[in-house]
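Please examine the sequence and the model shown here.

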Amino acid sequence: MSTPLLEVTGLQKHFPITAGLLRRQVAAVRAVDGIDLTVNKGETLGLVGESGCGKSTAGRLITRILEPTGGTVTFDGQDITHIKRGPLRDLRRDVQMIFQDPYSSLNPRHTVGTIVSAPLQIQKIPTPQGLKKAVQELLELVGLNPEHYNRYPHEFSGGQRQRIGIARALALKPKMIVADEPVSALDVSIQAQVVNLLDDLQRELDLTYLFIAHDLSVVRHISDRVAVMYLGKVVEVAPRDDLYAHPRHPYTVALMSAVPVPDPSRRDKAQRERVLLTGDVPSPIDPPSGCRFRTRCWKAQDVCASEQPPLTVLADGHQVACHFPVSDEEQHAAGSGRSAAAAQARDKIATVVADPE
Amino acid sequence: MTTSVPVTELGPADLSPPKSFLEVRDLRVQFATDDGIVKSVDGVSFGLERGKTLGIVGESGSGKSVTSLAILGLHRTRSNAKVSGEIWLDGEELIKADNERVRRLRGRKMSMIFQDPLSAMHPYFTIGQQIVEAYRIHHGGSKKAAKQKAIDMLARVGIPQPSRRVDDYPHQFSGGMRQRAMIAMSLINNPELLIADEPTTALDVTVQAQILDLIRDLQEEFGSAVIMITHDLGVVAELADDILVMYGGKAIERGPAEAVFRTPEHPYTWGLLGSMPRLDREVRDRLNPIKGTPPSLINLPSGCSFHPRCPYAGRNGDRSFTERPELTGTTHAVACHMPPELRREIFIQEVSPNL
């Protein structure tokens, strides 16, 4: 279980911003700025964060759709950071991707059969019983009617299209699937169908998932371990239950408390305990010095501005990048912890609103 | 003016004068297309008091947004929609009112927060110009006074440095700030009815929490009636006093928020609650999705439109397949053929343990 299949160290991606006639680089968007991750064989690592935190870019670097600026990516013992075209094609057999938008990720002019068989044809995989049979088996595996082989994507609903995308990703029998927000474009009732399908496929085919999403409750449902990203950095990694029960990084605490609880009787309690963050995420072009979360953190001290906190392992096994991790006492002591944090955050907001200039 | 009365219940044929602030009776919105008539909203009735929040929940294509657009009268022009029924706002019927009258109410007495502020705002005009226009069209007055009003409102919704940001264009704002600006614009005339159509769907959770908090505070301050349209059950649970669940253009369940969440009556509502992973519960091994897909609004299934997806269809002979269930009940109403005792039994024994 705990043999690493994918190891990422210091991974960076800086997108250049150019200006002028000579397209000189004047700055860079530091989308992913030094992240370390390990995905073990057979597990699901959830990667959560808000829009613009670099989680999708991280997924694309790992599948090598993008070329990293720095750091290394090791898959199954092989360094794939700057792998060439030929070997990259071999890598595609082992690492596949499921995309967010089931509308734009399928070619509208190709039939389902063509779409799902494309990986087999490109990789010249022999199909003893014929290509059509192979595709139909895949369609059946993801819960689609094999007779729909000749239909076009527009004839399917969103959930069904996502299943087509999943069938395509499974065609090469990959070891690992990077799923980038696979269910966020779907309706609630359909979302559950696809989440269950991904669960079943993992069990049947012994898959390893990197599950990228912004929905904390879906990530909790599907993941074994969860990594939280903020502004191009991983701020916390921990086993699922630990992370959700005892978040250590202030950002994780705020993120968890912001999720609306579907229970009206707990509305007041949830609101009291909510840590409201002020302002917006800073720009990844010019991130804050030191800890990137310090501008919105209620625990920030001087050291947070000067020193970047490294991702370190705490006594309880959490990996946290914070100078002042949130302790259990802070969380559980009555009237303190989250509530105190919430009160502080509220005071901050009050001052911002009262003194807007 | 009126004190808070619980949401009144109405049958479609009720002709008594409206008691509540907003009353929608048997609203139907149909669009003629080449493929046939799309019945987007098919006989929806509800009421809402000042200071209260109604949450309308449903999946894409359930008719929730079309309902809200009909209330604002946005199907009146340049649309092939056929709208029928009655919409009473503060004693005034809107569907039969003339365009000019509705235009005077729109933005002043009732206004809307749209889902995507980037496409709902004009990219060529500054935030300030757009808010000023919304104010002056109803109140007149000098541009300077209106601008000051806009700045105050932007400050109120938590935009930092409002006197500077008022001259920015929408693209210069971040997603959360745009949504705040949008809220400022819709509140500039102190509307008594505010419709928020998926106001936080495009936003991150931390920003969503800020925006929901803001809407709640502003509602307390201005005492408006709010209709909150969303597919996110968590969001309605945060804000709504009453909940209306829509499916296939019809209201299938309506009741106080606590009741709908604690003792949901309709199998579709059970399905929605069961398919949602929740942070406040133990992790379940599997989710319980609703089988199948939402129906086409052109060819709605016969009888109860939920029957092809309902695990309990057929428990009543073939009524589910032939007869359309009416929304019945007083405070907590439901449109289902199963007798209440049977539903309660199924809920307690089969559904509730898995929620």
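In this predicted model, α4(B) contributes six residues to the lining of the second largest pocket, the most of any element. That helix spans residues 127-139 of chain B, and β6 (110-113) and α7 (175-187) of chain B also supply at least two lining residues each. The volume of this second largest pocket is about 790 Å³. Its lining comprises 23 residues, of which Arg106(B), Gly107(B), Glu133(B), Ala134(B) and Met185(B) are the closest to the centre. Sorted by class, the lining of the second largest pocket holds 12 nonpolar, eight polar and three charged residues.

Attention may now turn to the interface. The size of an interface is often given as the accessible area lost when the parts come together. Between chain A and chain B, about 4300 Å² is buried, and carbon and sulfur atoms give 54% of that area. Chain A brings 47 residues to the contact and chain B brings 54 residues.

Three salt bridges are counted between chain A and chain B. In one salt bridge, the side chain of Arg274(A) meets that of Glu238(B), with an N to O distance of 3.1 Å.

On the side of chain A that touches chain B, two or more residues come from each of α6 (188-205), α7 (216-222), α8 (240-245), α9 (250-258), α10 (267-273) and α13 (337-354) of chain A. The largest share, 10 residues, belongs to α6(A). By class, this side of chain A divides into 20 nonpolar, 11 polar and 16 charged residues.

Definitions and conventions:
Residues are numbered from 1 along each chain as its sequence is written. Chains are lettered from A and ligands numbered from 1 in the order in which they are written. This is a predicted model: local features need pLDDT of at least 70, side-chain atom pairs count only at pLDDT 80 or more; totals for chains, interfaces and linings use all residues. Side-chain values use heavy atoms; hydrogens and water are left out. Contact means heavy atoms within 4.5 Å. Buried area is the accessible area (1.4 Å probe) that two parts lose on being put together, summed over both. A salt bridge is a side-chain nitrogen of Lys or Arg within 4 Å of a carboxyl oxygen of Asp or Glu. Helices (H or I, at least four residues) and strands (E, at least two) are DSSP runs, numbered from the N terminus. Ala, Val, Leu, Ile, Met, Phe, Trp, Tyr, Cys and Pro count as nonpolar, Asp, Glu, Lys and Arg as charged, and the others, Gly among them, as polar. On a 1 Å grid over the protein atoms alone, a cavity is a set of points where a 1.4 Å probe fits but cannot get out, and a pocket is an open set with protein on both sides within 12 Å along at least five of seven lines; lining residues have an atom within 4 Å of a point. Grid points are joined across faces, edges and corners, and a volume is the space filled by probe spheres set on the points.
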